[in-house]
Amino acid sequence: MYDSQNIFARILRGEIPCRKVYEDEFALAFHDIMPKAPVHILVIPKGAYIDLPDFGQRATSSEIQGFFKAVAKIASDQGLSHQGFRSIANTGVHGGQEVPHFHLHLLGGGPIGPMVHRETV
Ligand code: 5GP
């Protein structure tokens with residue numbers, strides 16, 4: 001069940017500040033508080049979705065379209081599209097998801113390195 005007290009729900013409600021880079025009807029984007037790249041932006045849907053599968057299963061077509069249109073605009077506006085960037089959606093325990101509100105990490109501003117680093121094989 002969706003936890004309405006998670007940190008991104010609180011950011012959406014304006015209870016906690018963020019360094020906002022974009023907002024529209026479907027999405028909010030802000031800088032990650034602990035950036036892992038020169039540019040590290042989180043894009044979240046306005047709706048209450050726990051993770052990527054939840055978003056894919058329950059969101060309406062217009063929510064899904066609006067979210068990804070926003071992602072494309074943010075990548076372009078932030079200068080990430082030309083040289084490229086990495087997008088990550090961590091899901092659940094194995095995915096290392098910390099905040100249970102679906103979000104896409106956009107990482108760029110320089111080479112991001114190997115796709116995945118695992119401690120053990
Ligand atoms: P996850 O591990 O869930 O995919 O990523 C959660 C991300 O949220 C982390 O990169 C973490 O640094 C970021 N984060 C956690 N709390 C806050 C916060 O209060 N504000 C912002 N801007 N980012 C946060």
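**Entry 1: the ligand shell.** I looked up which element gives the most to the shell around the ligand, and found H1, with 3 residues. I noted that this is a predicted model. H1 and S2 each supply at least two residues of that shell. I then listed the surroundings: 17 residues surround the ligand. The closest are Asp32, Asn90, Glu98, His103 and His105.

Entry 2: His103 has a polar side-chain atom 2.8 Å from an oxygen atom of the ligand. For His105, I also read 2.8 Å between a polar side-chain atom and an oxygen atom of the ligand. With His31 the backbone takes part: one of its polar backbone atoms is 2.9 Å from a nitrogen atom of the ligand. I checked the cover next. The ligand taken alone exposes 520 Å², and the protein buries 88% of that.

**Entry 3: aromatic rings.** I searched the whole structure and got 6 aromatic pairs. I picked out Phe8 and Phe30, which form an edge-to-face pair. Their centres are 5.4 Å apart, with 75 degrees between the planes. I call the pair edge-to-face because its angle is over 60 degrees. The pair links distant parts of the chain, 22 residues apart. Phe8 belongs to helix H1 (residues 7–12), and Phe30 to strand S2 (residues 27–31). Are Phe8 and Phe30 buried or exposed? I found both buried.

**Entry 4: a cluster.** I also noted one aromatic cluster, formed by Tyr49, Phe55, Phe67, Phe68 and Phe102.

Note on methods: Residues numbered from 1 in each chain as written. Predicted model: local features only at pLDDT ≥ 70, side-chain atom pairs only at ≥ 80, totals over all residues. Heavy atoms only, no water. Phe/Tyr/Trp six-rings, centres within 6.5 Å; stacked < 30°, edge-to-face > 60°. Helix = DSSP H or I, 4+ residues; strand = E, 2+ residues; numbered from the N terminus. Buried < 20%, exposed > 50% of the residue type's maximum accessible area, 1.4 Å probe, protein only. Near = heavy atom within 4 Å. Polar contact = N/O pair within 3.5 Å; in protein donor to acceptor, adjacent residues only side chain to side chain. Areas by Shrake-Rupley, 256 points an atom, 1.4 Å probe, with all protein chains shown as cover.
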